[in-house]
Amino acid sequence: VRVLLMPSPTKQRILPIEHLNSEWRTLGRSESAVRALHYLAARDPTVSGLVHGTGMVGGPAATSAPLCRTPCDLIDHMRRAAGNRGREDAAALIRIMLREAPGDALIVRFLIQALLPGLLTVAKRLRWGQGGDWDDGSEFFSETLSTTWMILFEWSGQDRPYAVLDLLSAI
């Protein structure tokens, strides 16, 4: 599991990120999360191929073994995406999750974890809120995370061709 912390010269700990990653290690393998993943697989052939081993995004036409048995596996698969095709396939999974989010509340949590690297990039570009109303990077990221949750719930069920870019731009 890759731990994402705020890159800074002072190596300041960003507690919300640590909490998200800590929670995800358990939640992303839980029975309820696996059930939500199977819900996604039943609703979309791309996810079905990753979960049931009937196909593989961005790879060989078919494989016999499932690639993503848990949501943790799915997010790890997305983060390993390489090249234009791999990144497009990962972005397509974000689109699918956003579209199918109303079917299970945990799917929004999957999206948070999948978007975390993009959220970190946004936070870095905004210099972790320096010069703003926030006391530190943790407070800034907590507010960023709250905004993310609100947008994801508001946009749940929408089919957005550029979901990743739309979401990060709105956040």
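**Notebook: helix packing and core of a predicted chain**

I began at E88, which I found in helix α5, where helices (H or I, at least four residues) and strands (E, at least two) are DSSP runs numbered from the N terminus. With a relative accessibility of 52%, E88 counts as exposed, on a scale where buried means under 20% relative accessible area, exposed over 50%, and partly exposed in between, with a 1.4 Å probe and protein chains only. I then looked across the chain from E88 and noted that its C-alpha atom is separated by 9.9 Å from that of Y162, 74 residues apart along the chain.

Before going on, I noted the conditions: this is a predicted model, in which local features need pLDDT of at least 70 and side-chain atom pairs count only at pLDDT 80 or more, while totals for chains, interfaces and linings use all residues. Residues are numbered from 1 along each chain as its sequence is written, and side-chain values use heavy atoms, with hydrogens and water left out.

**Overall make-up**

I looked up the secondary structure and found eight helices and zero strands in the chain, so that the order from the N terminus on reads α-α-α-α-α-α-α-α. Of the 171 residues, 46% count as buried. Taking contact to mean heavy atoms within 4.5 Å, I noted that 61% of the contacts between residues at least 6 apart in sequence join residues at least 24 apart.

**Helix pairs**

Two packed helices are described by the angle between their axes and the distance between the axes. Here the axes are lines fitted to C-alpha atoms, for helices over the stretch in contact, and angles run from 0 to 180 degrees between N-to-C directions.

I took α1 (residues 15-27) and α6 (residues 106-125) to start with, and they pack at an angle of about 135° with their axes 11 Å apart. That makes α1 oblique to α6, given that angles under 35 degrees count as roughly parallel, over 145 as roughly antiparallel, 65 to 115 as roughly perpendicular and the rest as oblique. The crossing of α1 and α6 is left-handed, a term used if the near helix is turned anticlockwise from the far one by less than a right angle. On the α1 side I listed I17, L20, N21, E23, W24 and L27, which meet L106, R109, F110, I112, Q113, L116 and L120 in α6. By class, the residues of this contact divide into nine nonpolar, two polar and two charged, where Ala, Val, Leu, Ile, Met, Phe, Trp, Tyr, Cys and Pro count as nonpolar, Asp, Glu, Lys and Arg as charged, and the others, Gly among them, as polar.

I went on to α4 (residues 71-79) and α5 (residues 83-100), whose axes lie 9 Å apart at an angle of about 140°, and which are therefore oblique to each other. L74, H77 and M78 of α4 make the contact with A90, L93, I94 and M97 of α5, and the classes are six nonpolar, one polar and no charged residues.

For α2 and α5 I noted an angle of about 100° and axes 11 Å apart; the two are therefore roughly perpendicular to each other. Y39, L40 and R43 of α2 meet I96, M97 and E100 of α5, and these divide into four nonpolar, no polar and two charged.

**The core**

A nonpolar core is a set of buried Ala, Val, Leu, Ile, Met, Phe, Trp, Tyr and Cys residues joined through side-chain atoms within 4.5 Å. The largest one has 48 residues, and those with the most contacts inside it are M78, I94, M97, F110 and F141. I noted that α6 gives the largest share of this core, 13 residues. Leaving aside neighbours within four places in sequence, I listed the contacts of F141 as I14, P16, I17, L20, L116, L119, L120, A123 and W128.

**Single residues**

W128 is in the loop between α6 and α7 and is buried, with a relative accessible area of 7%. I checked its backbone and found a positive phi of about 55°, although W128 is not a glycine. R127 is in the loop between α6 and α7, and its phi is near 55°, again a positive value in a residue other than glycine. Most residues other than glycine have a negative phi.

Lastly I looked up D76 in helix α4, which counts as partly exposed at 28% relative accessibility. D76 and Q113 are 37 residues apart in sequence and 9.9 Å apart in space, C-alpha to C-alpha.
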